[in-house]
Amino acid sequence: MIQTLASPAAVGIGELSARVGMSRQHLTRRVKRFVGIGPKRLARISRLRRLLELVDGGEPGGWAGAAVGAGYYDQPHMIAEVKALTGRTPERLRPHLSTG
C-alpha cells in the first residue's frame, strides 16, 4: 500500500499504477529511480513519519491512537514497524521527539 506524505489513506500499488497510467513494474522502477527506494518501503517510511507527527502533536490515545491515525492495522503492527525502521521501540523514540 502506498500513502501520500500528507495523508494516511493507503492506495495499493495496482490502483496507483492504474491512476497514473503505467504498469506496476514501470511505476516501481520509476519510484526507485527517482526516490532511491521502492514504493513499499516509501509507504512504510511515510506511515512512520505520520505516526511520529501524530504522537508529537499530542494525539489523543497516545501511541495506540496515533497507530490508528497513521494507518497501522493494530498496535503490535505499529511496534514491529517502528522497531524494523528505527531499531527502537516507540517508547524509546519518545525522548527524540520535539514537544509539539
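Is the crossing of α3 and α4 left-handed or right-handed? I looked, and the crossing is right-handed. I note here that I am working with a predicted model.

**Entry: α3 and α4**

I took helix α3 as residues 39-56 and helix α4 as residues 62-70. Their axes come within 9 Å. They cross at roughly 140 degrees. I checked that angle against the cut-offs: over 145 would count as roughly antiparallel. α3 and α4 are therefore oblique to each other. Next I listed who touches whom. From α3 I wrote down Arg47, Arg50, Leu51, Leu52, Leu54 and Val55. Their partners in α4 are Trp63, Ala66, Ala67, Gly69 and Ala70. I sorted this contact by class and got eight nonpolar, one polar and two charged residues.

**Entry: α3 and α5**

I then turned to α3 and α5. Their axes are 11 Å apart, and the packing angle is about 110 degrees. That makes α3 roughly perpendicular to α5. On the α3 side I found Arg41, Arg44, Ile45, Arg47, Leu48 and Leu51. On the α5 side I found His77, Met78, Glu81, Val82, Ala84, Leu85 and Thr86. By class, I have seven nonpolar, two polar and four charged residues in this contact.

**Entry: histidine 77**

Where does histidine 77 sit? I found histidine 77 in helix α5, which covers residues 75-86. Its side chain reaches the backbone nitrogen of tyrosine 73 at 3.2 Å.

I moved on to helix α1, residues 13-20, and its packing on α2. Their axes come within 9 Å and cross at roughly 90 degrees. That makes α1 roughly perpendicular to α2. In α1, I noted Ile13, Gly14, Leu16, Ser17 and Val20. These meet Arg24, Leu27 and Thr28 in α2. The contact has four nonpolar, three polar and one charged residues by class.

**Entry: the span of α2**

How far apart are the end C-alpha atoms of α2? I worked out what to expect before looking. Helix α2 has twelve residues, 24-35, and at 1.5 Å a residue they should span 16 Å. The end C-alpha atoms are 16 Å apart, which agrees. I then stepped past the end of the helix. Glycine 36 follows α2, and its phi is positive, near 100 degrees.

Notes: Residues numbered from 1 in each chain as written. Predicted model: local features only at pLDDT ≥ 70, side-chain atom pairs only at ≥ 80, totals over all residues. Heavy atoms only, no water. Helix = DSSP H or I, 4+ residues; strand = E, 2+ residues; numbered from the N terminus. Polar contact = N/O pair within 3.5 Å; in protein donor to acceptor, adjacent residues only side chain to side chain. Axes fitted to C-alpha atoms, helices over the stretch in contact; angles between N-to-C directions. Parallel < 35°, antiparallel > 145°, perpendicular 65-115°, else oblique. Left-handed = near helix turned anticlockwise from the far one by under 90°. Contact = heavy atoms within 4.5 Å. Nonpolar A, V, L, I, M, F, W, Y, C, P; charged D, E, K, R; others polar. Expected span 1.5 Å × (residues − 1).
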